[in-house]
Amino acid sequence: QVQLVESGGGLVQAGGSLRLSCAASGIIFSSSSINDMGWYRQAPGKARELVASITRAGATTYADSVKGRFTISRDNTKNTVYLQMNSLKPEDTAVYYCNRIYAPLWLHWGQGTQVSVSS
């Protein structure tokens, strides 16, 4: 059974940093481009949005709102994706999830990890 487990969230002050992790079980990360992965976030009352993505080869893209502050990476040997978040802002407050970047191939969503940034 495929499972995504996110961790690493917490409460930080504006300007602080957090590192999120997403461990995937039941799939082999490096097996196919269908496992190009992304970090998504959903703030209260807002739609879920893709903030960063990474291909299995390591190519990355970022939403304009996080560019220069967030860094996505992956370790295919550990089936894990990371999101290093620096210079956090109150508007980064959301539940963060990981999943494939291709919507028709989305895996079952994990529970996410809450990130709260105080001003």
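1. D64 is exposed, at 66% relative accessible area (buried is under 20%, exposed over 50%, partly exposed in between, with a 1.4 Å probe and protein chains only). The D64 side chain meets that of K67 in a salt bridge, 3.2 Å from N to O; the term stands for a side-chain nitrogen of Lys or Arg within 4 Å of a carboxyl oxygen of Asp or Glu.

2. On provenance: this is a predicted model, in which local features need pLDDT of at least 70 and side-chain atom pairs count only at pLDDT 80 or more, while totals for chains, interfaces and linings use all residues. Residues are numbered from 1 along each chain as its sequence is written, and side-chain values use heavy atoms, with hydrogens and water left out.

3. The structure has four salt bridges. One of them pairs D92 with R69, with 2.7 Å between the closest N and O atoms. D92 sits in the loop between β8 (80-85) and β9 (94-100), and R69 in the loop between β6 (60-62) and β7 (70-75), so this pair ties together parts 23 residues apart in sequence. D92 is buried at 1% relative accessibility, and R69 is buried at 10%. Salt bridges with shared partners join R41, E49, R69 and D92 into one network.

4. Within that group, R41 bridges to E49, the closest N and O atoms lying 2.8 Å apart. R41 counts as buried at 7% relative accessibility, whereas E49 is partly exposed at 34%.

5. The protein chain has ten strands and zero helices (DSSP runs numbered from the N terminus: E of at least two residues for strands, H or I of at least four for helices). Its radius of gyration is 13 Å, close to the 14 Å of the globule rule for 119 residues, so the chain is as compact as a globular protein of that length. The radius is taken over C-alpha atoms, and the rule is 2.2 Å times the number of residues to the power 0.38.

6. Of the 119 residues, 42% count as buried. Among contacts (heavy atoms within 4.5 Å) with a separation of 6 or more, 55% are between residues 24 or more positions apart.
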